[in-house]
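The sequence and the structure come first.

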Amino acid sequence: NRRIEVIPNGIDTGVYRPIDKQVARQTLRLPVDKRLILFGAMHGTADPNKGADLLFPALRELGRDGWGSKAELVALGASPGNLPSDLGIPVTCLDFLKDDVSMVLAYSAADVTVLPSRQENLPNMVMESMACGTPAVGFRIGGVPELIAHTTDGYAAEPFSAKDLANGISFVMEDDARHSAMAAAARRKVELEFDVAAAASRYVALYESILI
């Protein structure tokens, strides 16, 4: 019978914001004529919790469904030697990005960010991606559903189903009009609910309610 307050971490939506996709791709030397799937692979291929073993069959599924020549995986913080050679779609590896500007470029360059983790609290990668107007796909576990409104601003896949993960990635990428609507909804969600100023206001309100 005790009061419980949940205040999510906030991010600076003035820093994490959409920038022109073509400019972002040219800056990072990424393909300008393909759908790009962003995956944060720093330790992600070695840590079972990060779900790379679930992502890889999902990518092969996409390849079989015709995305092999139309999409590409962008792996952050990975080297080609750490990734299988038979993923069904091409792969570009980016070095570990250490600053906010580089991360904003990566998010803005992508069409979708995929988070295949088995466990997550409130993943910053999803929040940052959405703030940059890039829908995210992840499993319906932990705090992911608090960020992703299924099929509205991203796709919350059936937990640990590589097939549904592939379905989600395809769902986000396949229709231009739907992608634009999801991108706008993703940005709006973070601005309204997860901006650092909003989090600070909720802390202030909580402290004031305790002191009264």
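How do H1 and H3 lie to each other? H1 and H3 pack at an angle of about 120°, and they are therefore oblique to each other. Angles under 35 degrees count as roughly parallel, over 145 as roughly antiparallel, 65 to 115 as roughly perpendicular and the rest as oblique.

The model is predicted, so local features need pLDDT of at least 70 and side-chain atom pairs count only at pLDDT 80 or more, while totals for chains, interfaces and linings use all residues. Residues are numbered from 1 along each chain as its sequence is written, and side-chain values use heavy atoms, with hydrogens and water left out.

**Helix pairs**

Helices (H or I, at least four residues) and strands (E, at least two) are DSSP runs, numbered from the N terminus. Axes are lines fitted to C-alpha atoms, for helices over the stretch in contact, and angles run from 0 to 180 degrees between N-to-C directions.

| Helix pair | Angle | Axes apart |
|---|---|---|
| H1 (residues 21-28) and H3 (residues 100-109) | about 120° | 8 Å |
| H4 and H7 (residues 176-193) | about 115° | 7 Å |
| H2 (residues 52-67) and H6 (residues 162-173) | about 55° | 8 Å |

The angle between H2 and H6 is about 55°. That makes H2 oblique to H6. H4 and H7 are therefore roughly perpendicular to each other.

H1 passes H3 in a left-handed crossing, whereas the crossing of H2 with H6 is right-handed. A crossing is left-handed if the near helix is turned anticlockwise from the far one by less than a right angle, and right-handed if clockwise.

Contact means heavy atoms within 4.5 Å. In H1, Lys21, Ala24, Arg25, Thr27 and Leu28 meet Leu105, Ala106, Ser108 and Ala109 of H3. This contact of H1 with H3 holds five nonpolar, two polar and two charged residues. Ala, Val, Leu, Ile, Met, Phe, Trp, Tyr, Cys and Pro count as nonpolar, Asp, Glu, Lys and Arg as charged, and the others, Gly among them, as polar.

From H4, Met127, Met130 and Ala131 meet Ala186, Arg187, Lys189 and Val190 in H7. The contact of H4 with H7 has five nonpolar, no polar and two charged residues.

**The largest pocket**

The largest pocket has a volume of about 400 Å³. A pocket is an open set of points on a 1 Å grid over the protein atoms alone, where a 1.4 Å probe fits, with protein on both sides within 12 Å along at least five of seven lines; lining residues have an atom within 4 Å of a point. Its volume is the space filled by probe spheres set on the points.

The lining has 20 residues, and Gly40, Ala41, Met42, Lys50 and Met125 lie nearest the centre. H4 (124-131) is among the elements that give two or more residues to this lining; the share of H4, three residues, is the largest.
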